[in-house]
Amino acid sequence: MFDVSKIREDFPILKRLVHGKPLAYLDTAASAQKPKQVIEAQREFEENSYANVHRGIHTLSENATALFEKARNTIADFLGSNDSGEIVFVRNATEGINLIAYSWGESNIAAGDEILVTRMEHHANFVPWLRITQKQNAKLVIAELTSSGELDLEDFSRKLSKKTRVIAITLMSNVLGTINPIENIVEMVKRNYATNLDSFPLIVIDAAQAVPHFKVNVKTLECDALVFSGHKLYGPTGIGVLWMKKKLLDDMPPFLVGGQMIRTVYNDRVEYNDVPWKFEAGTPDITGAIGLATAIQYLKTLGIDAIFEHEKGITAYALEKMRSLKDLTLFGPPNPEKRGGLLSFVHKTLHAHDIASLLDEEGIAIRAGHHCTMPLHAKLEVAATARASFGIYTTKEEVEIFYNVLKHIIKRFA
Ligand SMILES: Cc1ncc(COP(=O)(O)O)c(C=O)c1O
């Protein structure tokens, strides 16, 4: 049974007051709060087993290395990979995509090639590709959206060309909430490969918003690479994951160089370590990796499918309530089945930042701005949107409070 009040007891921060009001944290898409199990696991490691990894022969270092590598196994299993060598620890999703764009991109993208992204990409899955296309004299192509905020598959298909070398796409939009049909896209690529494409493009998935909400399996998705951040998955900041097919990782040059990632260093040359360590230069965030693995175990105990059902219910409820508010435009698919747990909106006359500030006075935390999706906001012809986002600890009561306060704000200030 998915018991939200019991889950909330695991999150100490949810007990605090903001401006004297109980906190309603509706900003989980920006960063999720941490359960005490994660906080405890990190404290326990630092108090009792802390040492650097892969370096010492002493007991603590061996303990730390075992825990760090166990965390890697937990993450591989979480993503449906049977090889932990495909899991590279990075700082966050942004770094993961930069790693691919730099290490794979510099040796595989040539002048005239195209990289296909979508209009709904976060800057993290847009700017690294824009930069590599500019550097290699290639072209960034943007697939557009339908009026309901879904990927326009016809436009996508039109833009898939012989020159497409990379398809970089988010699994769930951080503004529209849209869940993209990756399976359909892969099918489309396969069909085109038989007839129209010269080479099979690299398929890169930004799963930063997806993994906290629903089951993500790299085998089912049939992608080549996938990234996410620990902090959006109820884990710590400073740790993220790049999953990439082993063969690709083996063939790629390293991203950062220095300690840990080498096998032997000579005066004039270097032999690199095996993957994944080849891509983990310097001391990694050991505590972060252990915290992230603990967060994953925690979510598994709740049940990922149960999490999705809970959040779908909350989103459907929020959508239904918000639709009744005057002069409000809601973004993203109207069908809650096609979206994850967040809701972005604008008001006809009230600025998103003002709405967020006024809600904050009542203890309600939402986010306002371009949410690192300026190309999308430009297309929507809005400078900023307000976004309420939900998680495992969100209750219908919080949505109700949010709705009532928003209604009051509109009545009073619009
Ligand atoms: C869809 C999406 N991709 C990537 C990112 C980047 O995550 P990070 O800042 O942790 O690298 C975010 C963060 O908001 C996001 O929502």
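## Close-up views of a predicted model

**View 1. Helix 4 packs on helix 5.** The axes of helix 4 (residues 93–108) and helix 5 (residues 127–136) come within 9 Å, crossing at roughly 20°. That angle makes helix 4 roughly parallel to helix 5. The crossing of helix 4 past helix 5 is right-handed. Helix 4 brings Ile97, Asn98, Ala101 and Gly105 to the contact, and helix 5 brings Pro128, Trp129 and Ile132. By class, these contact residues are five nonpolar, two polar and no charged.

**View 2. Asn137 sits in a loop and has a positive phi.** The loop in question runs between helix 5 and strand 6 (139–143), and Asn137 lies in it. Most residues other than glycine have a negative phi. Asn137 is not a glycine, yet its phi is positive, at about 65°.

**View 3. Helix 3 packs on helix 10.** Two packed helices are described by the angle between their axes and the distance between the axes. For helix 3 (residues 59–78) and helix 10 (residues 286–302), the angle is about 40° and the axes are 9 Å apart. Helix 3 is therefore oblique to helix 10. Helix 3 passes helix 10 with a left-handed crossing. On helix 3, the contact residues are Ala64, Leu67, Phe68, Lys70, Ala71, Thr74, Ile75 and Phe78. On helix 10, they are Ile286, Ala289, Ile290, Leu292, Ala293, Ile296 and Gln297. Twelve residues of this contact are nonpolar, two are polar and one is charged.

View 4. Most peptide bonds are trans. The bond that joins Val275 and Pro276 is cis, with omega of about 5°. Pro276 is placed in the loop between strand 12 (270–272) and helix 10.

**View 5. Helix 11 packs on helix 14.** The axes of helix 11 and helix 14 (residues 396–413) come within 10 Å. They cross at roughly 20°. The two helices, helix 11 and helix 14, are therefore roughly parallel to each other. Helix 11 makes a right-handed crossing with helix 14. Ile314, Tyr317, Ala318, Lys321 and Met322 form the helix 11 side of the contact. Lys396, Val399 and Tyr403 form the helix 14 side. The contact of helix 11 with helix 14 has six nonpolar residues, no polar ones and two charged ones.

**View 6. Domain 1 meets domain 2.** Domain 1 covers 4–26 + 303–413 of the protein chain, and domain 2 covers 42–300. Their centres, taken over C-alpha atoms, are separated by 28 Å. Domain 1 gives 25 residues to the contact and domain 2 gives 24 residues. On the side of domain 1 that touches domain 2, the elements giving two or more residues are helix 11 (304–323), strand 14 (342–347), helix 13 (374–380) and strand 17 (385–389). Helix 11 provides the largest share of that side, with five residues. By class, the side of domain 1 that touches domain 2 has eleven nonpolar, eight polar and six charged residues.

**View 7. Thirteen residues surround the ligand.** Asn92, Thr94, Asn174, Ala208 and Ser229 are the closest of the 13 residues around the ligand. The shell is made of eight polar residues, four nonpolar residues and one charged residue.

Notes:
Residues numbered from 1 in each chain as written. Predicted model: local features only at pLDDT ≥ 70, side-chain atom pairs only at ≥ 80, totals over all residues. Near = placed C-beta within 6 Å. Nonpolar A, V, L, I, M, F, W, Y, C, P; charged D, E, K, R; others polar. Domains from an automatic or database assignment. Contact = placed C-beta atoms within 7 Å. Helix = DSSP H or I, 4+ residues; strand = E, 2+ residues; numbered from the N terminus. Axes fitted to C-alpha atoms, helices over the stretch in contact; angles between N-to-C directions. Parallel < 35°, antiparallel > 145°, perpendicular 65-115°, else oblique. Left-handed = near helix turned anticlockwise from the far one by under 90°.
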